[in-house]
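Dear colleague,

I am handing over the structure below, and my notes on it follow. Please read them with the model open beside you.

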Amino acid sequence: MSDEMDLKHQSQSAGKISQPFFLWRHLNKLRWLCLVIVFLMLILIPLLSLYQHFVAAQGYNHLTGSEKFIYDSMAFITAPLVSDPEHELDAIKGTTWSGQLFGLKLTDPLALVGQIAAGIEIYWPFALTAMIPIIFTLLFGRFFCGWICPATFLYELNTNMAVWLNKIGIRTGNRRFNRMFKYLVLIVGIVLSALTGSIFFASIYPPAVIGRELYFSIALSGFGGGTLFFILTLLFDLLVAKRGFCRYLCPGGALYSLLGRYRVFRIRRIVEKCNDCSKCNAVCEFGLNPMEDDFGQECNNCAACISVCPKDAMTFIFSVKDHKYQGHGHHSRHYRKNQSDNKLGDIEVKNLND
């Protein structure tokens, strides 16, 4: 009788945790919307900067045809929002590396680390601009990589291209390397910044490179060496290792992973609903192992595994660490076989006792 009550209590307890919040399944769509908005903003900001210069110069009749098109387009977009574009558009400046959004100055924590290393001191007004991203990382982990980084938008499109190429018979790279290598890149970058007095990361950090190159191409009608570098990272991801730069080389990814190791908001597998289909593993851009509860500090809370799960067996929880491996999903073939074997064993033991 007590065994039956224990089983009933366990079933009720499992029911309480086996229903993820229904909106979690749609977070991946929201994430993509955020990535698109960020990327479009990086295109819009240099266009707004050009428009400001044109307005300040008061020489519309001297503009070329393409410049008049930019002027007219930006005037149409901003007219309902600002009355003095020459000054009021200063509210939005910069990139995801460092910028200003309606008076709020924000800086990538990696830029702060580079500044401290290069200057061998902390410039507190600049350090304070990185506090909001740092706090969010402590709470949500490597969220910048999945939700804001403009490189992620292009890298995930690159992943989709790799899937398409594989479908038509062209093999793409899927090699695995040691994830610790990016931490070495972070350390080397700090040392080089300290030795040279310049922020080394700005040359190899994709979000910084993309923001700078977009500005060069739009506002200055040209490209810098960063464009070639980023193309090489795309080729590395496509031909050598899936999301290889983010997994194995990105110094920003290393820093965000360290800061978010004990994040309080993380994904958990609901073993009571899992069927071990491994779709969560297949969709994970960072090559993690959600099916065996292996998320770790690398997880960027992108929610792709939640979105793809056919059993709603993934959810978000508040915890400073992942759960240990909970065993096979209770809807899996392996779990049912183990349960059947255990029951047969119990019956044999009972028969022997009788």
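I135 counts as partly exposed because its relative accessibility is 45%, where partly exposed lies between buried (under 20% relative accessible area) and exposed (over 50%), computed with a 1.4 Å probe and protein chains only. I135 sits in helix α7, and together with L104, L128, M131, I132, F136 and L139 it makes a nonpolar surface patch of about 590 Å². Such a patch is made of residues with over 30% relative accessible area and no salt bridge, with nonpolar side chains (Val, Leu, Ile, Met, Phe, Trp, Tyr) joined within 5 Å and like charges within 9 Å; a salt bridge is a side-chain nitrogen of Lys or Arg within 4 Å of a carboxyl oxygen of Asp or Glu. Helix α7 (residues 131-140) gives the largest share of the patch, five residues.

This is a predicted model, in which local features need pLDDT of at least 70 and side-chain atom pairs count only at pLDDT 80 or more, while totals for chains, interfaces and linings use all residues. Residues are numbered from 1 along each chain as its sequence is written, and side-chain values use heavy atoms, with hydrogens and water left out.

The pLDDT, the predictor's confidence in each residue from 0 to 100, averages 89 over the protein, and 91% of the residues score at least 70. Over residues 1-16, however, the pLDDT is below 50, and beyond near neighbours in sequence this stretch has one contact (heavy atoms within 4.5 Å) in the model. Where pLDDT is low, the predicted coordinates should not be read in detail.

The protein has 17 helices and five strands, taken as DSSP runs (H or I, at least four residues, for helices; E, at least two, for strands) and numbered from the N terminus. Of its 354 residues, 42% are buried.

Helix α5 (residues 109-119) is largely enclosed by the rest of the structure, because eight of its 11 residues are buried. These are P109, L110, A111, L112, G114, Q115, A117 and A118, and their cover includes β3 (104-107), α6 (124-128), α7, α10 (181-196) and α14 (251-259).

Leaving aside residues up to four places away in sequence, Y205 touches W97, D108, L110, F144, C250, G252 and Y256.

With best regards

Note on methods: Accessible areas come from the Shrake-Rupley method with a 1.4 Å probe; for residues, only the protein chains shown count as cover.
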